[in-house]
Amino acid sequence: MSTSGRSTETVIEIRNLSKVYRDFWGRPKVKALNALSLDVRKGEVFGLLGPNGSGKTTTLKLLLGLLFPTEGEITILGRSAADVAKNERIGYLPEESYLYRFLNAYETLDFYGRLFDMPASQRKERSEKLLDLVKLAPQARHRQLKEYSKGMTRRIGVAQALINDPDLVMLDEPTSGLDPLGNRDMKDLILDLKKQGKTVLMCSHLLADVQDVCDRIAILYGGELKVMGRVDELLKAQDETQILSSKLSDEAIRDIEAVLKKHGADMLKVDQPTANLEDLFLKTVQESRDRPGHRTVKDGAAS
Amino acid sequence: MSFDPQDMPVFDAIVYWMVVVGVLSIIVMVVSLLSLLVSHRGAGLRIFAEEILRSLTDLFSLSIRRIWALSKLTFIEAYRRKALAVFVVFALLFMFAGWFMGGDTRDMTTDQVKVYVSFVLRTIAWLTLPLIVVLSSFGIPEEIRVRSLHTVVTKPARRLEIVLGRVFGFSMIGTLVLLVMSGVGYIWIVRQVPASARDMLVCRVPVYGKLQFLDRAGNPADKGVNVGDLWEFRSYIEGATKARAIWVFPGIGERTLDSDGNLHLENQFLAFRSYKGNMKQSLLYDYQFRNPDTGATYTTEARPINENRGVTDVISRKLVSRTDGKTYDLIKDFVARDGTLRIEVSCIDREQYLGMARPDLFIRKPDVSFAVGFFKAAAGIEIMMILVVLLAVTGSTFLKGPIATVLTSVLMILGGEKAHAFMDQLMIGRSDKGGFQGGGFFESIYRIITHMNPTTELPDNMGFTIMTGVDGLLTGFLWLCKQVIPRLQYFNMSEYVSNGFDVPFGSTLLPCLLILVGYFLPCVMLGYFALRIRELESK
Amino acid sequence: MMNSLTSQQRKLAYLIGILLLLIPIIMLGLPSDGTKAGSRGKLAQLRTEYELGESDLGDVDPSSAAMNLVLLGMRGVAVNLLYSEFDMQKDMKRWAEMEATTDSIVRLQPHFEKVWEMNGWNLAYNTSAEWDAVPDRYFYVKKGGKFLMRGVRQNRKSTHLQYHVANVYQKKIGIADEAKFYREYFLHDPDPKFKGGVDPEFNPDEQDNYLVAKREFEKACNIEDQYRRPQHILDRTLFRSMPARCQFDYASSLQKDGKFGEVTREAWQEALTDWTRKYGQQEFSIPIGPLGTDVRFPIRLEMSAEDIRKEIASPDDAVRVAKMVESYRKMVNYYYWRTRANCESESKTAEAHRNLYEANQFYKKQELEKARDAAYAGMKGFEEILRTPEFSDLQAEESLVEECMLGMMVWEDIHRVSGEKVPADYPLKWLAAQHQGNHGMIANVQRSFKRLFLD
């Protein structure tokens, strides 16, 4: 299926990408994206972060060819974004699963399978496998999608994104609207995809998800890239150490405090680790407001 | 009834089509290249070349499976959205139609049968076409609105395939509806028409000939005499002179005769009397068969006309001359080497006239079953429906649903025969050539404002030369626009069936198919480009 | 100002505006409460005053009302389109379709009298003439007549339409070239549907067409009187003479058909009554003043000089009125018809007619002696009648003179055939001499004479 092969380590290359939305008369209305440059490398899970309206979904849509760039260039799997052939190796999960509500799960997967020109036997096999993978209850599979709950829609959405066994998976808010259990499943799935050597590009504002699964992240604000780098590097900057353990008794906490004291350190707080990225995120947003144009890149890949 | 089925000049039509499509695509290419150059300067040329290249790639990477998937999806969508509820309306109409059209079914006349047949065909067309227009106009815009199309285009589905899939899918729905409706309609007609009148449900298969005239002195003429009719369709031959109407029928042989070996000639001549004469007796005519190769002739006895109703003359194959008793064989002695049969009609009554046009005399081949004609007419509706789907889907690639509906409906209305005649007159622009009086756009405005008589010549100066020049350009543009509007006159085949004729292929179905194909290519390409240059996400 | 209002306030303002504007419309359009005074809406009042309510005008056709409502004031456009369709269908001789279009047009304009008139005329006169076979022509004459009758039903107060209905019965059926056939078809319809009887829609009482025409003209006169809807087709004196004229036509047609018995005499008798008692006694308001003034005076055509003297005070006016009465009598041919009716209602005239008619019949059968006797009796009869000073006007009546001359021609011919000399003097010789110069008449007589052999 793939033709370009592994000629490059970079799966997505974005150079100087800008997008200006215009009104009916062609007058510029909103500058949604401003001179964005970034690379996504093969096999990594890359997270795009940013508050609402920061340009992350715009970036995804530009990558997919749903929007046309005002300026700049995109190379995705070695092809232009306008080239339909690139879609052969891409799986895309939209923010809300924009599927046909009058089809049932099998019909949906069969339909998208056909769009990949897959033969019938392969479609059938893939459908079963994917429906099991996303854990869609067997009794729900013959019902039309309009009867599905939010979580079920999301699951079938993921299944359709993976119907072609893509090399690059783009996920727009993959965990939105999922219950904690579904959330867990989704994260497992992303990590699983990574394990299979696939590249994942996701955008989200649920920081816990991003922190758990992403290798690298970029934070966008107001259409501009603010922070980019490896998640661990970005967070390592703080001179704090986190210990993650199973639930401790008060006595154990007191013991640990004693140990810390012995080593000349104070116990600062006992908390969940997500807060760290959240801090970073909030700090970045705050900083962007205070010091426009500032950028932190701890990565070196993109300049 | 007077219709004049003419075979479509296929070759000319194709040339004409190529000219129009060629001119239009050149205009589109030039305009888009220019606008690209303006907006992107130097890079414009490169973008243009890339786009062309990409389109060609798309064209060659079409996949039947994807198109089929999209067609099937369209079909299921319409089906599950209860578009087939139209059957309920149909059923209701037919359940009660009998009440209103019943009349006295015991002594049913040809006119009543005609009403039944045209009612059914018209109902089918009027129920399916609007449904299909709305369905196919709203298909793509609705998909864009709920963004299900976004998921599709992020798959390797080409925009061309999306357009094609839509066109095929809606055509499938329409076909299903038509199949069921025409089936039910057919059964309904056959059941409504009582057994006594069932022999009126036939499809006559006419062979039309070429018509020439001889004037009263026996010289060849294109037309006969005009007796003052405004409509110059029929012309008249004078009785008891050398005036003749000569029909030459092609392709005559044994198979033209009925099972008993008789030739059936049907005519519908009109009478014009220059004096009243014997008013109780219809005017008389006779036929003369003449073989141009051997010079053999045979004249039949005089027969009375039956104005506006028609006469069927059964001519037996074995002809015995009433003057010299010689016997002739109709096929062997009178059909020329090229397979044509020449029949001369003359009017018997002195100073009286018989009026006729080409379709007023035809050879009636053995009839075909009513079902054949009926379903051919249904096929005509089918082709029209596919054309409608094509136009609506194309429109919907760049317009919102309601606007696409209006566009398609307007195209359909303008496609009628009268609208085209009106536009033709508008295009000609000059009254001396059969167009409207008063000149083109600016000239007519000028004339209206200055109260200038349309027959008055315009002053000869620079300003008016420029004005008429601009008018000419505008008219040329209008001409091009008019070419885009389909000519729908071929599609109405119900007239044939309701008048008891078979639907001739060469003058109806073939033109319809050609028109469909002619629209298919440009429409699909337009839809493809419109969808491709469209940013689906932007509102 | 507007900007300071919230959207809700703005909507409220619009609503109040709409309601305010609605009040006068509602007031104007309030339906009538059914009383004649119509004290409610102004429109209803006006409608009652001018009797323009749909049901005042005639029968209400629900489909027509519905169509006009649906068109929302686009009726003119629709009618225009229909007329252009109509025109095309007419040119292309698609009669059935043209009739259907006509039907749609009148549904849209059910109270436009000219539309009914024009389309009825078109069917009865133009369309019928386009057909060759006489039964087909008659079919469209009937169509036109029935169409006009439908117009009358929907416009009960239309003097014009009623006049045109009568006209079809009198002129189209009675005077057309095909009159001989039409009059026969009127009683024995050629449409097999009627099995040789009348078309009950067209001739419900199975009467002669002239009698039906008379009745229809009387209806027109009644409408004029009852609804004060004057007609503008003919001068009123001529218009009011139509019923009586139809009676004349009827009586003459009986003679033409060879019926000379009591029925015919009575028909003439009734014609005389109609002419002198009914029509002659009607009042017509006539302007008698000098040009430009409007002094009117009621006159009657049967008014004697004495009547005028009695009724008019000023001798000047009396002279003027007498003059006017005389000129109107001339216009309607009053004396002639009076004399004719007078004469024809005498039994000796009937006798003379019968003799001449029988002469022709005998002559046809070549019973020459009987024919000669009958012709002579007829000639003698007319000699006596035409010599009577009272009837001397009839010496100029063409159809009568032609009848007499034909009789003479038969009589003379029989002399010739049997080798006898025509006597030097014989009854009516002077009449023949009087009309010697009228070549048209002579040709007519000769043609009729020839036809005696041919028929």
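**How confident is the model?**

Keep in mind that this is a predicted model. In chain A, the mean pLDDT is 81, and 86% of the residues reach 70 or more. Among the elements of this chain, α2(A) has the highest mean pLDDT, 92, while strand β11 (residues 296-298) of chain A has the lowest, 67. Be careful with residues 1-8 of chain A, where the pLDDT is below 50. Beyond near neighbours in sequence, that stretch has 8 contacts in the model.

**Where chain A meets chain B**

Now find the place where these two chains touch: 24 residues of chain A are in contact with 26 residues of chain B. On the chain A side, the elements giving two or more residues are α1 (56-64), β6 (90-93) and α2 (105-115) of chain A. Which of the elements gives the most to this side? It is α2(A), with 4 residues. This is also the element of chain A with the highest mean pLDDT.

**The domains of chain B**

Chain B is divided into domain 1 (9-60), domain 2 (64-204 + 371-415 + 505-539), domain 3 (235-356) and domain 4 (417-484). Let us follow domain 1 and domain 2 of chain B, whose centres, taken over C-alpha atoms, are separated by 30 Å. Their contact takes 6 residues from domain 1 of chain B and 5 residues from domain 2 of chain B. On the domain 1 side, α1 (10-40) and α2 (43-60) of chain B each supply at least two residues, and α1(B) gives the most, with 4 residues.

The table sets out the classes of residue on two of the sides described above.

**The shape of chain C**

Finally, turn to chain C, whose secondary structure comes to 21 helices and 2 strands. Is this chain spread out or compact, going by its radius of gyration? The radius of gyration of chain C is 30 Å, well over the 23 Å that the globule rule gives for 455 residues, so chain C is more spread out than a compact globule. Along its principal axes, the C-alpha trace of chain C spans about 120 × 65 × 35 Å. Buried residues make up 33% of the 455 residues in chain C. Of the contacts in chain C with a separation of 6 or more, 59% are between residues 24 or more positions apart.

Methods
Residues numbered from 1 in each chain as written. Chains lettered and ligands numbered in written order. Predicted model: local features only at pLDDT ≥ 70, side-chain atom pairs only at ≥ 80, totals over all residues. Rg over C-alpha atoms; globule rule 2.2 N^0.38 Å. Buried ≥ 20, exposed ≤ 12 C-beta atoms within 10 Å, placed from the backbone. Contact = placed C-beta atoms within 7 Å. Domains from an automatic or database assignment. pLDDT = per-residue confidence, 0-100.
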